[in-house]
Amino acid sequence: MTDGPPSAEPRHGLRLLALGDSYTVGEGVAPADRWPEQLARRLRQSGVAVAAPRVVAATGWTAAELAEGLDAAGPRGPFDLVTLGIGVNDQYRGAPVGAYRDGVGALMDRAVALAGGSARRVVVVSIPDWGVTPFGAADARGPARIAERVGAFNAVAQAEAEARAVAWVDVTDLSRQQGHQTVGDDLHPDARAYAAWTDRIEPAARAALAD
């Protein structure tokens, strides 16, 4: 689990909490290239004073494991922006969609609470389609079946986000264009891919941080 910013980053300013799995922690890329770090850096460059993001995420986490990780990390709000991206490992392990609905909904509720009860300060990021990567192409389920299941999980997460009036950002279409933009494991996005994700996430983050 990653919990806390690199020491070289600012410690004061608007508070950002990023919750998730390997895509949030940036498996295989340098800490500065994770999309939460790229987002914070862009905001600073445009004059928005943002502290280094606090990241509670780990490679392999499901929604239930993220909930346990949150219990262990105990981040104390209120945060000015909370992002959540979780579910790929639930899908990969074959979890029932209904169980994921319950888990991701509960995590959204916790994200809102950590944002001081403000749903407008929460941004939920979709599950990427890992089936288009070289790793996914070798999976016995095949890219079409993976895409179908990713779509089903994303539909559930989007509905839960809309029910709570939190922002939903879809990066799944980007991931389908970035199938070979991966790190050495042939699965996780590289820094360029995360930069494109940041392009998509940044407007929602700015809206969340607006007074």
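Predicted model: local features only at pLDDT ≥ 70, side-chain atom pairs only at ≥ 80, totals over all residues.

## Helix 2 and helix 9

Helix 2, which spans residues 35–45, packs against helix 9, residues 191–209, at an angle of about 55°, and their axes lie 8 Å apart. The two helices are therefore oblique to each other, and helix 2 passes helix 9 in a crossing that is right-handed.

On the side of helix 2, the contact is made by Trp35, Gln38, Leu39, Arg42 and Leu43, while helix 9 contributes residues including Ala191, Tyr194, Trp197, Asp199, Ile201, Glu202, Arg206 and Leu209. Sorted by class, the contact of helix 2 with helix 9 has 10 nonpolar residues, together with 2 polar and 4 charged ones.

## Helix 5 and helix 7

In the second pair, helix 5 (residues 97–114) and helix 7 (residues 142–163) have axes that come within 9 Å and cross at roughly 40°. That angle makes helix 5 oblique to helix 7, and the crossing in which helix 5 passes helix 7 is right-handed.

Here Val97, Tyr100, Arg101, Val104, Gly105 and Met108 of helix 5 meet Arg149, Ala152, Phe153, Val156, Ala157, Glu160 and Ala161 of helix 7. When the residues of this contact between helix 5 and helix 7 are divided by class, 9 are nonpolar, 1 is polar and 3 are charged.

Note on methods: Residues numbered from 1 in each chain as written. Heavy atoms only, no water. Axes fitted to C-alpha atoms, helices over the stretch in contact; angles between N-to-C directions. Helix = DSSP H or I, 4+ residues; strand = E, 2+ residues; numbered from the N terminus. Parallel < 35°, antiparallel > 145°, perpendicular 65-115°, else oblique. Left-handed = near helix turned anticlockwise from the far one by under 90°. Contact = heavy atoms within 4.5 Å. Nonpolar A, V, L, I, M, F, W, Y, C, P; charged D, E, K, R; others polar.
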